[in-house]
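I opened the model to take notes on its fold, its ligand site and a few single residues. The entries follow in the order in which I looked things up.

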Amino acid sequence: MPASWYPPFPDDIPTHPLLVIDYELIKARDQAEIDRLWEAGTKLGFWYLKNHGVTEEANGMFDMGAETMALPMEEKMKFEQGDDGMSFGYKAAGANAVDATGELDTIEFINVAKDDAIAWPKHARRTYPSTVNARMESTISPFVRKSLDVNNTILEIFNDRLELPKGALSERHSLEEFSGSEARITKNPPKQPGDTKQAIGSHTDFGSLSFLHNRLGGLQVLVPSSDSWQYVKPIPGHAICNIGDALSIFSGGILRSNLHRVLPAPGAQATLERWSLVFFTRPGNSVILRALVEDSSIIKQAVDKNPEKNFETGATSFDWFSRRIKYQRVNNRTGPETWKASRGTEHVDA
Ligand SMILES: O=C(O)CCC(=O)C(=O)O
Ligand SMILES: [Fe+2]
C-alpha cells in the first residue's frame with residue numbers, strides 16, 4: 001500500500017523530536033552535518049536519515065514480508081528461530097516476552113542473516129521460506145548491501161570522532177566474518193479495542209547500528225533522564241537510525257544505546273496492520289564487547305569518569321547477542337530472572 005494511503009499520524013499527541021541527518025552530506029563529509037550526527041549519537045542515540053537512497057529496496061522488502069507472512073503458519077514454523085538464541089528465521093507472535101511478568105509480544109517477524117544474503121545462492125547460516133529465496137537476489141541482497149554501506153559510512157564517521165585509529169570499528173564489523181547482522185520485517189496486527197499490549201517490549205538494540213524504515217507510528221523512545229515514553233513520528237522517505245549496545249560499549253558510553261519499545265500505531269493508524277523493516281549491523285561473532293580504551297584517549301577518559309559503569313562485558317558479540325535472544329523466548333522463561341537475563345546496556349547505564 002503506498003504510504004500516501006495511510007491515515008496520518010495524529011497531531012494531538014506528543015512526539016519526540018529527532019535531528020534530521022542528510023546522508024548525502026554525511027557521505028560528502030560535510031563538517032556541520034557530521035557535528036549534528038555526533039550530537040544525535042551522543043545525546044539520544046536516535047536520528048532521522050534522509051537521502052539514504054534505499055527506498056526502492058525497502059519497498060521490495062515490504063513486499064517480501066507480505067508474501068512471507070501470507071504463507072500458512074505450518075510452513076512458516078518450518079523456519080522458526082528456535083529456543084537456543086539463534087535469531088535468523090521466523091518468529092511467531094507470542095514467542096517472546098515483553099516484560100518481567102512474561103506478558104507476550106504481538107509481532108511476528110522474519111530475520112534474514114547478512115551472511116546468507118551475501119553468500120546466496122549458497123546457504124551460510126540457515127535456509128528460508130520460498131518467498132524469501134525467490135527475492136534473495138532481486139531484493140534482499142541489494143537491500144542488505146546498501147544498508148551495510150549506509151551503516152559502514154556512519155561507523156567511519158563515529159570512528160573518527162571517537163579518535164580511534166583508522167578502521168578500528170570497520171574491522172570489528174567485517175563483511176567476511178559471520179555476525180548477527182540481519183534484515184528484519186515485522187508485522188503487528190491491527191489494535192483491538194481496549195488493547196494496550198506492547199508489540200515489542202522496552203529494549204536497547206543488541207548490535208551497533210539499526211537502520212529502520214517505518215510507515216506507521218508505534219515506536220516510542222524513553223526520553224533520556226526521565227521516565228516518559230514519547231512516540232517517534234514516521235516521516236515518509238526518512239529512515240530512523242539508532243545506536244545499539246555494542247557501539248555504546250566500544251565508545252565507553254559516549255554513544256548512547258537508548259531504550260525504546262513498540263506499541264500499536266496511535267489514532268486512526270491503529271486500525272491497520274503495522275509493518276516495519278530494520279537492518280541491524282552487529283559486530284563479528286568473535287569480537288569482544290569492551291570499551292576501546294587502549295585505542296582512544298577520549299574513550300579512556302569517558303570510562304575513567306564513570307567508574308560505576310562496567311564496560312568489560314567479558315562477552316563476545318555472539319555471546320551477548322545469543323543470550324539476549326534466548327532469554328526473551330517465553331519457552332525459556334522460569335520467572336522474572338529470565339527477563340533480566342535478556343537485558344542489555346540499561347544496567348551499564350543504571
Ligand atoms: O518497529 C519498530 O518501529 C522498531 C523495531 C525495533 O525496535 C526492533 O526490531 O528492535
Ligand atoms: Fe529495537
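Among contacts in the chain between residues at least 6 apart in sequence, what percentage join residues at least 24 apart? I found 77%. The model is a predicted one, and I read every value below with that in mind.

**Entry 1: overall fold**

I counted ten helices and 14 strands in the chain. The radius of gyration came out at 19 Å, close to the 20 Å that the globule rule gives for 350 residues, so the chain is as compact as a globular protein of that length. Along the principal axes, I found that the C-alpha atoms fill a box of roughly 55 × 45 × 45 Å. Of the 350 residues in the chain, 46% are buried.

**Entry 2: nonpolar core**

I then turned to the core. In soluble globular proteins, nonpolar side chains tend to be buried together. Here the largest nonpolar core has 76 residues. Ile21, Phe46, Trp47, Val112, Ile140, Phe211 and Ile240 have the most contacts inside this core. Helix α6, residues 130-161, provides the largest share of the core, with nine residues.

I looked up Ile21 separately. Leaving aside neighbours within four places in sequence, I noted contacts of Ile21 with Ile26, Glu33, Arg36, Leu37, Ala40, Trp47, Tyr48 and Leu49. Trp47 is also listed among the core residues with the most contacts.

**Entry 3: ligand 1**

Which residues surround ligand 1? I listed Arg184, Thr186, Ile200, Asp205, Leu212, Asn214, Gly218, Leu219, His260, Val262, Ser276 and Val278. By class, I sorted the shell into five nonpolar, five polar and two charged residues. Four strands each supply at least two residues of this shell: β5 (182-188), β7 (209-214), β11 (260-262) and β12 (274-281).

I checked the record for this region. UniProt, in an unreviewed entry, places the feature "domain: Fe2OG dioxygenase" at residues 179-283. In the model, I found this span to be 6% helix and 38% strand.

**Entry 4: Leu44**

I found Leu44 in the loop between α2 (31-43) and β2 (46-50). Is Leu44 buried or exposed? Leu44 is buried, because 20 other C-beta atoms lie within 10 Å, and 20 is the number at which a residue counts as buried. Apart from residues up to four places away in sequence, Leu44 touches Leu18, Val221, Pro224, Arg256 and Asn258. I also took the separation of Leu44 and Ala70, which are 26 residues apart along the chain: their C-alpha atoms are separated by 36 Å.

**Entry 5: backbone geometry**

Most residues other than glycine have a negative phi, and most peptide bonds are trans. I therefore noted the departures from that pattern.

The peptide bond from Trp120 to Pro121 is cis, with omega near 10 degrees. I placed Pro121 in the loop between α5 (114-119) and α6.

Arg29 has a positive phi, near 60 degrees, and is not a glycine. I found Arg29 in the loop between α1 (23-27) and α2. Arg29 is exposed, because 12 other C-beta atoms lie within 10 Å, and a residue counts as exposed at 12 or fewer.

Ser225 also has a positive phi, about 55 degrees, although it is not a glycine. I located Ser225 in the loop between β8 (219-222) and β9 (229-231). With 6 C-beta neighbours inside 10 Å, Ser225 counts as exposed.

**Entry 6: two loop residues**

I looked up Pro193 in the loop between β5 and β6 (200-203). Pro193 counts as exposed, with 5 C-beta neighbours inside 10 Å. Pro193 and Ile299 are 106 residues apart along the chain, and I found their C-alpha atoms separated by 49 Å.

Ala92 lies in the loop between β3 (89-91) and β4 (108-113). I counted 15 C-beta neighbours inside 10 Å, so Ala92 counts as partly exposed. Not counting residues up to four places away in sequence, Ala92 touches Met77 and Glu108. How many Å apart in space are Ala92 and Lys187, C-alpha to C-alpha? I found 9.9 Å, for two residues 95 apart in sequence.

Notes. Residues are numbered from 1 along each chain as its sequence is written. Chains are lettered from A and ligands numbered from 1 in the order in which they are written. This is a predicted model: local features need pLDDT of at least 70, side-chain atom pairs count only at pLDDT 80 or more; totals for chains, interfaces and linings use all residues. A residue is near a molecule or strand if its C-beta atom, placed from the backbone, lies within 6 Å of it. Ala, Val, Leu, Ile, Met, Phe, Trp, Tyr, Cys and Pro count as nonpolar, Asp, Glu, Lys and Arg as charged, and the others, Gly among them, as polar. UniProt positions are given in the numbering used here, feature names are shortened, and annotations may be inferred rather than shown by experiment. A nonpolar core is a set of buried Ala, Val, Leu, Ile, Met, Phe, Trp, Tyr and Cys residues joined through C-beta atoms within 7 Å. Two residues are in contact if their C-beta atoms, placed from the backbone, lie within 7 Å. The radius of gyration is taken over C-alpha atoms; the globule rule is 2.2 Å times the number of residues to the power 0.38.
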